[in-house]
Amino acid sequence: MTDSISKMVAALLAVLLLYIYPAAEAASRQDELSQLTVYNTVTRFVDAVRTKGYLTPTMYDEFHRELSLTGNTYNIELEHLHKKYVPEYTDPSNQTEFTGKFDVVMDGYYNEQIMPVLYPDNELPVHDSSRRYILTSGDSFRVAVQNTNRTPAVIFQEWLHFGAESASKVAASYGGMVLNEDY
């Protein structure tokens, strides 16, 4: 009886080591390659926007297409912080006596404000200048990307850990100051 149980355990262990572990490692390597691809794509996209000082539907579509080449679906968050200088007055309600100082205020614009500019409800051509989202030199632009699907590596990890949920593996965030206004 113990002989048959040990043979079954040995067979199960052999299947685990010969087939499942290599498949899980291959899926994990695929996630690492996807992570590297996503980070490089986000970096190139953000640097292009920072250098040009604007974002077009063509640039965004190309960015989205490059991300989709990994086989995953992504949640993309765009953030534009516009720097604004507000003068300080001794009496803010009167605004007659200027103190000679300015406050720096950052106005935030996100997907909800950016996407309607890129993709309006009208039939304007893609290259129409009104479909450009324009940034100003000195502003800040950042993109955060995270996959929304369960990758094969996550499925293997959940299976090997008896259903314990694994976190998303493929994510990238990159941003910086807008360097140029090339419009």
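Here are some friendly notes on the core and the aromatic rings of this structure.

1. This is a predicted model, in which local features need pLDDT of at least 70, side-chain atom pairs count only at pLDDT 80 or more, and totals for chains, interfaces and linings use all residues. Residues are numbered from 1 along each chain as its sequence is written, and side-chain values use heavy atoms, leaving out hydrogens and water.

2. Start with the largest nonpolar core, which has 25 residues; Phe45, Leu55, Leu78 and Val143 touch the most other members. Such a core is a set of buried Ala, Val, Leu, Ile, Met, Phe, Trp, Tyr and Cys residues joined through side-chain atoms within 4.5 Å. Buried means under 20% relative accessible area, exposed over 50%, and partly exposed in between (1.4 Å probe, protein chains only).

3. Next, look at the rings: the structure holds eight aromatic pairs. Rings of Phe, Tyr and Trp (its six-membered ring) pair if their centres lie within 6.5 Å; planes under 30 degrees apart count as stacked, over 60 as edge-to-face and the rest as tilted. Tyrosine 60 and phenylalanine 63 have ring centres 6.3 Å apart and planes at 55°, so this pair is tilted.

4. How exposed are these residues? Tyrosine 60 is buried, with a relative accessible area of 9%, and phenylalanine 63 is buried at 3%. The rings of tyrosine 60 and tyrosine 119 have centres 6.3 Å apart and planes at 70°, so that pair is edge-to-face. Tyrosine 119 is partly exposed, at 30%.

5. Finally, one aromatic cluster is formed by Phe45, Tyr60, Phe63, Tyr119 and Phe141.
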